[in-house]
Amino acid sequence: MISQLSWKIGGQQGEGVESTDRIFSTALNRLGYYLYGYRHFSSRIKGGHTNNKIRISTTPMRAISDDLDILVAFDQESIDLNAHELRSGGVVVADAKFNPTLPEGIDARLFAVPITSIAEELGTSLMKNMVASGASWALLGLPLEVFNKAVEEEFGRKGAAIVEKNVEAVKRGSEYVLELAGGPLEDFRLEEADGKQKLFAIGNENIGLGCIAAGCRLMSAYPITPASEIMEYLIKKLPKFGGTVVQTEDEIAAATMAIGANYAGVRTMTASAGPGLSLMMEAIGLAGMTETPLVIVDTQRGGPSTGLPTKQEQSDLNAMVYGTHGEIPKIVIAPASIEDCFYDTVEAFNLSEQYQVPVIIMTDLQLSLGKQSCEELDYDQIRIERGKLVKEAPEIEEKALFQRYELTADGVSPRVLPGVKHGIHHVTGVEHDETGRPSENARNRQLMMDKRLGKLAKLEIRDALRVDAPHEAPELLIIGMGSTGGTIDEARARLEKGGRKTNHITIRQIHPFPTDLLTPYLERAERVLVIENNATAQLANQIKMHAGHGEKIRNLLKYDGTPFLPSEVYQACKELN
Amino acid sequence: MATFKEFRNNVKPNWCPGCGDFSIQAAIQRAAANVGLEPENLAVVSGIGCSGRISGYIHAYGLHGIHGRALPIAQGVKLANRELTVVASGGDGDGFAIGMGHTVHAIRRNMDITYIVMDNQIYGLTKGQTSPRSAEGFKTKSTPEGSIESVLSPLEIAMSAGATFVAQSFSSDLKQLTALIEAGINHKGFSLINVFSPCVTFNKVNTYDWFKENIVKLEEFPDYDPTNRIAAMTKIMETGGLLTGLIYHNQTRKPYEELVSGFRPEGLAKQELQLSRDEFEQLTAEFK
Ligand SMILES: Cc1ncc(C[n+]2csc(CCOP(=O)(O)OP(=O)(O)O)c2C)c(N)n1
Ligand code: SF4
Ligand SMILES: [Mg+2]
């Protein structure tokens, strides 16, 4: 019996790789396994190699695996491109149609199943994915009813006849392969899972769910990979709650529309990736200057320019921290898990209203699109805090203005929404006085700058650092952000096994930088390794700039478009001097 | 009911004496009072330019945004609170150069917003460069030998983008302008009102006298039917765009807010934010 396994399906884009993966993993999730998925895709819609990999485990994990146990291949290219990942003794299930062969030196078992012909016999080659997934499910010896239930849900909309055909395809695929293999593969038998009910979602869906839970009722956005799923999720759900999504003409409109809506009192967000973030910069400044709440999600992908639009990277950090001209208060939060995607989104809306600042939620492609198991989300943790928003304004003399930018001890002023009597005030991106009227007065300018920039002086978000630091004085402190946490955890476990005292910190509050929280850990570590998916060590530079200790800090950088593997991190740590 | 005086504030505009923008300000204040608004129920969103300052000169909720983006901001305000009357305003550069993309799409979207362009055929605030509305051959600081680009016709563009309310006026004609703004506010959908607003400082060509001489008033054509799209387009072309009055009015198309499925008549901003446990569990069940 084994406790984990990794499975990959590869083929041409548009060939059913996605739906096969979806059904296969939904069924596994129902059985209570922990799953972690990785999508390899390109910007083409049809054609071009694509593959989905899932790691299946009986215990929690949040990283892709170094190697591969089972490869399901729709074409020879999928074998040629992926066979090197197979561990020795691995399995390839391939379509007999193309006379599959294993590249030289690959020690794996090949099962050629007439995937296309079985599907065609049943009526359409479209059902190849069902034949293939049925075959690989059967090899694992898992209960077929659970799989069939997932098939039923996938095709239910299309009627009973279609469901029946697909179930038949699964059956034929499984029978054929079991005949070839002489029954389920004993060395691939998974231990039973904990059976705990879990969610199975991508980060973007949890962000969408977080929006709704936070009371966000409007999203204005322009489609882009890898952010679009947030929009697609919300357009399905928001109408049920009276809200909607507007697909704007560009990201400038998306961000400014969100500012207008937040100003008028609806929690509104937008989401994009690097190119869109670049277009939003002036709007972010407007939100900062007018102290209007605004939530933006940046799902990072490979930059610069169009870069690697479907690949992993964490290279927008500087743009998020420094972006927009002039100086404004701004919060940048980096969720580091699928659960964070939900809770941080709720918190982002609260922070943006409590501090009246733009908040950027920073994810990366792997976190946004990697489908994975998620612990049940806790309804009782959802709290909606609107800060100094007032429902009514005290009576004032005619034509007097509400002190929207009143200088207060904490720098946050009362906020009133249009429509409220006695609440009239002016809002402008021009420097202004306490009523919002333009003012170039030097003293006022200084007071207002200090007011705005001082608002976040004491900010500390929930789990600003996620600390796993069992050692008082570790040989090594590994620091990362975003989706890399699970990978680092695994490398760290291996290092510990080898006797290397290693701590791990995930920085979740990227800006304002949590200097005071991080400093003691830096001080006590002999060596610090900062791991990030970019070429210029943007996170490490923040650490050095704010907390010093540059002499101890080393970088592990990867910017080839692929996420870190546990083995790469492990190796880099071992070789570290 | 508020009078137009209640829409005045005590800020002295920093426009040059004689600038066309003064009358537009007055017309908005009069129209707001005439249609029965209270100051707190009016939101004026403006762009950047001399014209953009207008939101600071009216006693109402005012938002002075960034250059070219008055319309997306105004649409956000409207989506958030349908009960507000939303007026967007800005210059010809704001709406037809940097913000042209938004203008066309705001027209297509057809939210219930009144958009008043203060068209002086020049960039006033930045001290006299060419605008998309500057005539060919017009010499400005940025076109010392005269503009070599063709003039943009916002009316034709609006018509072809599916506008439901297209009007044009002249800032000297306070009566017509006020009536058109009232009609625009009363129109259920997006109304574009382009207003010739002479810049006395940087535009020595399109002056008050020049407009008086060249403008054709639609009131002079009693048979003109503003619901006829082809007639409207023809009239715009015949007059080279130098016409004033209500050019096109389509009352059959519903505004965006009424077409969004699930959108409730009371403002979104007034709705409950907190989900019930039941609603939340239904949402998470889909991920199991
Ligand atoms: C992004 C950006 N680019 C340039 C400017 C400078 N700018 C301010 S107003 C303006 C043009 C003003 O012309 P118009 O919109 O016609 O307004 P007017 O002053 O004529 O009323 C320009 C270019 C700016 N504020 N923002
Ligand atoms: S520069 Fe022109 S547009 Fe600006 S205020 Fe003066 S007259 Fe008016
Ligand atoms: Mg102008």
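## Burial and the model

A residue counts as buried when its relative accessible area is under 20%, and as partly exposed when this value lies between that limit and 50%. The structure discussed here is a predicted model. In it, F170(B) has a relative accessibility of 6% and therefore counts as buried. Y208(B), with a relative accessible area of 22%, is partly exposed.

## Aromatic pairs

Over all chains, the count comes to 15 aromatic pairs. One of them joins W15(B) and Y57(B) in an edge-to-face arrangement, with 4.9 Å from centre to centre and 85° between the planes. W15(B) belongs to the segment before α1 (21-34) of chain B, whereas Y57(B) belongs to the loop between β1 (42-46) and β2 (61-64) of that chain, so the pair ties together parts that are 42 residues apart in sequence. Both W15(B) and Y57(B) are buried.

A further pair consists of F170(B) and Y208(B): the ring centres are 6.2 Å apart and the planes stand at 45°, so this pair is tilted. F170(B) lies in strand β5 (residues 165-170) of chain B and Y208(B) in helix α7 (residues 208-214) of chain B; the pair therefore ties together parts that are 38 residues apart in sequence.

## An aromatic cluster

F170(B) and Y208(B) also belong to one aromatic cluster, together with F196(B), W210(B) and F211(B).

## Charges over rings

In chain A, the charged end of K198(A) sits over the ring of Y34(A), at 3.9 Å from the ring's centre. In chain B, R30(B) lies over the face of F4(B), 4.5 Å from the ring centre.

Definitions and conventions
Residues are numbered from 1 along each chain as its sequence is written. Chains are lettered from A and ligands numbered from 1 in the order in which they are written. This is a predicted model: local features need pLDDT of at least 70, side-chain atom pairs count only at pLDDT 80 or more; totals for chains, interfaces and linings use all residues. Side-chain values use heavy atoms; hydrogens and water are left out. Rings of Phe, Tyr and Trp (its six-membered ring) pair if their centres lie within 6.5 Å; planes under 30 degrees apart count as stacked, over 60 as edge-to-face and the rest as tilted. Helices (H or I, at least four residues) and strands (E, at least two) are DSSP runs, numbered from the N terminus. Buried means under 20% relative accessible area, exposed over 50%, partly exposed in between (1.4 Å probe, protein chains only). A charge sits over a ring if NZ of Lys or CZ of Arg is within 6 Å of the ring centre and within 35 degrees of the ring normal.
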